Structures are given as structure tokens and as C-alpha cells.
Amino acid sequence: MFLHHDDTPLRILLLGVLTCGALACGEDQSADQPDAGHLSDTPAPDPYDTLPEQPWLLTEHGHYSVGYAFESLIYTPRGPQEAPREITISIWHPTFDTEGRAARYLNVLNAPDVLQDASVAIRDSDPAPLMIFSHGNGSFSIQSYFFAEYLASHGFVVIAPDHKGNTFSDTGGAVRLESTVYRPQDMSAVLDWVEQLPADHPLHGKTSRDKIAISGHSLGGFTTLATTGASIDLAAVTAGCTAGTISQRICEIFEADNAAIFGEGFLDARFQASLPMTPAGSEVFLPGIANITIPTLVWTAGQDLTLPNPDEGDPLWEGMAGQDHVRIDIANAGHFTFSNLCELLAPAVPEFQNDGCGEDNMAYEEAFEIINAYSLAFLRKHLDGASEYDAMLAGDSPMSDALLFERKPD
């Protein structure tokens with residue numbers, strides 16, 4: 001079974017700010033300095049100066065330690081009731097701390113290499129890039145912690161909301177899409193929260209407004225596409241639902257007052273790069289996916305059984321237009337390769353074993369290294385302007401023969 005999420009929102013605040021450490025004690029003594037031995041007034045080295053020069057190896061974790069915190073926020077979304085909505089968020093960030101309390105995700109999953117409530121290692125003069133991540137249907141914010149921890153070790157702040165109404169606590173893992181109208185709004189609400197942090201919050205002013213990215217897996221991929229501008233032709237959806245060419249569970253999304261909100265769209269222009277992973281949405285995002293203009297790296301899986309390429313990945317990619325889009329298909333990956341669920345739950349859930357976690361699939365350790373490396377290369381290129389990753393993203397000397405690359409424009 002899935003891990004159980006305690007429904008009581010945890011209000012854990014990040015503690016403290018980065019300190020540089022105590023003064024170094026003592027100077028070298030020598031024969032020509034007989035009076036040496038007093039305490040030095042030379043401060044300890046600035047920890048930022050001890051970091052290796054960029055660029056760092058993409059195939060390894062970065063040179064920061066990783067801190068974690070769990071908070072909540074409240075906002076009022078567009079919706080049938082327009083009532084305040086409270087969601088919890090997981091936060092990963094770089095830190096120089098090497099000791100402290102080990103993180104415990106969702107109060108049940110030990111993260112021994114991650115520190116709970118650690119200090120924040122981000123200079124005011126060099127704010128960190130920000131990644132907002134959306135989990136899959138019936139899942140939870142920490143479902144792809146391999147990705148969040150990796151980005152934080154390379155200097156990113158990563159925030160993942162628990163999409164209320166569509167977490168495992170809400171659905172028991174079943175496909176329930178009633179909250180789909182709120183998912184993109186949750187992503188924008190996280191950005192609003194970051195921008196409005198009080199001055200005494202450790203992340204206040206620590207993230208860049210010019211380096212903001214979005215990612216998500218499965219239904220989180222749907223969320224990512226909607227938030228970055230994929231529009232919906234409501235007349236076509238209505239016709240498809242009437243004719244039975246669109247599945248009933250998708251048609252239910254547009255019942256009641258939700259259709260008007262979907263018609264207005266969810267575009268948040270603050271996002272500058274997008275990485276949907278095995279995304280859903282082909283039944284409603286065609287042809288509107290062509291409206292996405294920010295650079296987008298579409299991850300798909302050749303052995304995806306939940307959202308097969310012929311039904312989802314292929315038509316979504318074919319419908320995209322514009323500049324700087326890349327698709328990377330992992331031919332022997334499955335749907336759940338892009339999460340930690342193979343590592344955590346595959347032995348207990350047969351559907352996972354058959355859809356990314358089986359002997360015929362790429363081992364998840366190798367897949368994580370590939371997903372992390374190419375994702376960071378894409379982010380460095382489009383957030384930092386790092387042209388040295390162009391050849392890598394074009395598929396030159398690929399990390400695996402299982403990788404298939406496409407680009408737009410062709």
C-alpha cells in the first residue's frame with residue numbers, strides 16, 4: 001500500500017540563517033616568531049569560497065548538503081465555492097550544515113542524507129533558482145524526492161505542494177480528478193507564497209524571480225502543461241464528451257462550474273522553463289498545447305502502460321510548436337520510473353512492477369541519474385544561458401542507448 005500521510009498539516013518553519021562558523025584558533029608557531037600562540041582574529045573561510053568552481057558534474061549530486069522543511073499555505077482559488085484552500089508544501093534547499101536532525105518525510109520515511117530545518121545556504125546577492133514540482137494522481141509531494149534532493153544539492157530551492165483532494169490521503173490511490181481545476185492554481189499559489197514571505201523567513205529574498213521552473217509527473221505533467229499555457233477548446237471537449245470519444249473520467253473534470261475556469265486558462269507567465277514527465281492531457285490539450293512558448297523538456301517512457309506514448313506522449317509532442325522544445329524518451333522506462341515509487345512500493349504494488357519497476361525496465365538508479373543530469377542541463381541552458389549543454393541536449397554521446405531525442409523546431 002501507499003505510505004499514509006498524516007492529515008494534520010505540519011507547520012514546520014525553517015530555522016536560522018547561514019553562519020560562517022567560529023574564529024580559527026591559533027597561528028603557526030616558528031622559531032622566528034617566539035611570541036606566537038595568541039588567538040587569531042582571522043575569520044574562518046567563507047563556506048561559499050570552498051565550493052568548487054562551476055560547472056559541476058551533472059552525473060553526481062552537487063556540493064551542497066540538502067535541507068528540508070514542511071509548511072502550509074492558504075489561498076483563495078477560482079472555483080465553484082471560492083473558499084480558502086489550505087495546502088501543505090515540501091521544501092528542499094541547499095545548506096552547508098553537516099550535522100543535525102535527519103529529515104523524516106511525511107513523518108514515516110527516513111531521509112538520512114537530508115537535514116530537517118537546516119540553515120539556508122543562499123547568498124542575498126545570488127538568489128537561487130526555484131523549481132515547483134507537481135505530484136501525480138493520488139500521490140504526495142515527496143514522491144520524486146530523488147529529483148528534489150538532487151536539484152537542491154546543486155543550489156536550487158524546490159517546493160512541491162500536496163494537491164489537496166488528489167493526494168493518497170484523499171483518494172487511497174484511486175483516479176479522482178475533481179481537484180484538477182485547483183492543481184494549476186496551487187502551483188501559482190506557491191509562487192505567490194514565496195514572493196510574500198515575511199522578512200524573518202529564512203527563504204525571504206533567497207530565490208530568483210528570473211530563474212523559475214516547473215515540473216510534474218503524470219497528472220502533475222498535466223498540471224505543468226496547463227500552468228505553462230496549454231489551452232483547452234471547450235467546444236471540442238463538449239463535443240467529444242457527447243460523442244464518447246473522450247473518456248468519462250476526463251469529462252467529469254468539466255462538469256459544474258469548472259468549465260468556465262478551464263476556459264479562462266491557468267497560464268502563469270512567471271515560469272521560464274518546464275519539464276513535464278510522462279504527462280497526461282492529450283484528450284483536452286490538442287491543439288491548445290501549441291500555445292506553450294517557454295522552453296519545455298518533455299520526458300516520456302517507451303514502456304509506459306499508464307499513459308502509453310501512442311495515446312499521450314506522441315500526440316502531445318506532435319502538437320507542440322515554437323522554439324527550444326526537447327523530448328527525451330527512455331525506451332525501456334515505464335510510467336513510475338520518474339518517481340521513487342519503484343524503490344519504495346514496487347514489491348507491494350503489482351501495477352508498479354509492470355509499469356517501470358520490472359526486470360525489463362531500466363534500473364531506477366540508472367534512470368534517476370539520467371533524468372537528473374539531462375533535466376539540470378536543460379535548466380542550466382534556459383535559466384542560466386549555459387550553451388555548453390547544447391550538444392548533450394541534442395543527443396550527442398548519450399548516457400544510454402535507450403535514450404531517443406527529438407527537438408523543435410526540427
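**The core and its surroundings**

Modeller: In the largest nonpolar core, which has 63 residues, W92, Y105 and W299 are the members that touch the most other members. The largest share of this core, 11 residues, is supplied by helix 12, which covers residues 364–384. Apart from it lies another core, this one of 52 residues, with L177, I212, C251 and I253 among them. Please keep in mind throughout that this is a predicted model.

Leaving aside its neighbours within four places in sequence, Y105 is in contact with Y68, W92, A111, V114, I142, Y145 and E149.

Strand 2 runs over residues 85–95, and because 10 of its 11 residues are buried, strand 2 is largely enclosed by the rest of the structure. Strand 1, residues 65–75, is joined to strand 2 by 11 bridges, and the two run antiparallel; one of the pairings sets S65 against T95 in strand 2. Strand 2 is also joined to strand 6, residues 157–161, by 4 bridges, again in an antiparallel arrangement, and here the bridge partner of I89 is P161. In a regular strand the side chains alternate between the two faces of the sheet.

C251, named above as a member of the other core, also takes part in a disulfide with C241, in which the sulfur atoms are 2.0 Å apart. With -105° about the S-S bond, this link of C241 and C251 is left-handed. The pair links distant parts of the chain, with C241 in helix 5 (residues 234–243) and C251 in helix 6 (residues 248–251), 10 residues apart. The two cysteines can be told apart by their cover: C251 is buried, with a relative accessible area of 8%, whereas C241 counts as partly exposed because its relative accessibility is 23%.

A search of the whole structure finds 2 disulfides, and one of them joins C342 to C357, with an S to S distance of 1.9 Å. The link of C342 and C357 is left-handed, with -80° about the S-S bond. This pair, too, links distant parts of the chain: C342 sits in helix 10 (residues 341–345) and C357 in the loop between helix 11 (350–353) and helix 12, 15 residues apart. At 6% relative accessibility, C342 counts as buried.

Helix 3 gives a further view of cover. Of its 13 residues, 11 are buried, including W193 and V194. Its length can be checked as well: at 1.5 Å a residue, the 13 residues of helix 3 (residues 183–195) should span 18 Å, and the end C-alpha atoms are 19 Å apart, which agrees.

Finally, the chain as a whole. There are 13 helices and 11 strands, and buried residues make up 55% of the 410 residues in the chain. Among contacts between residues at least 6 apart in sequence, 75% join residues at least 24 apart. The chain exposes about 17900 Å², of which carbon and sulfur atoms supply 50%.

Definitions and conventions. Residues are numbered from 1 along each chain as its sequence is written. This is a predicted model: local features need pLDDT of at least 70, side-chain atom pairs count only at pLDDT 80 or more; totals for chains, interfaces and linings use all residues. Side-chain values use heavy atoms; hydrogens and water are left out. The expected span of a helix is 1.5 Å times one less than its number of residues. Buried means under 20% relative accessible area, exposed over 50%, partly exposed in between (1.4 Å probe, protein chains only). A nonpolar core is a set of buried Ala, Val, Leu, Ile, Met, Phe, Trp, Tyr and Cys residues joined through side-chain atoms within 4.5 Å. Contact means heavy atoms within 4.5 Å. Accessible areas come from the Shrake-Rupley method with a 1.4 Å probe; for residues, only the protein chains shown count as cover. Two strands pair if DSSP finds at least two bridges between them. A disulfide is a pair of cysteine sulfur atoms within 2.5 Å.
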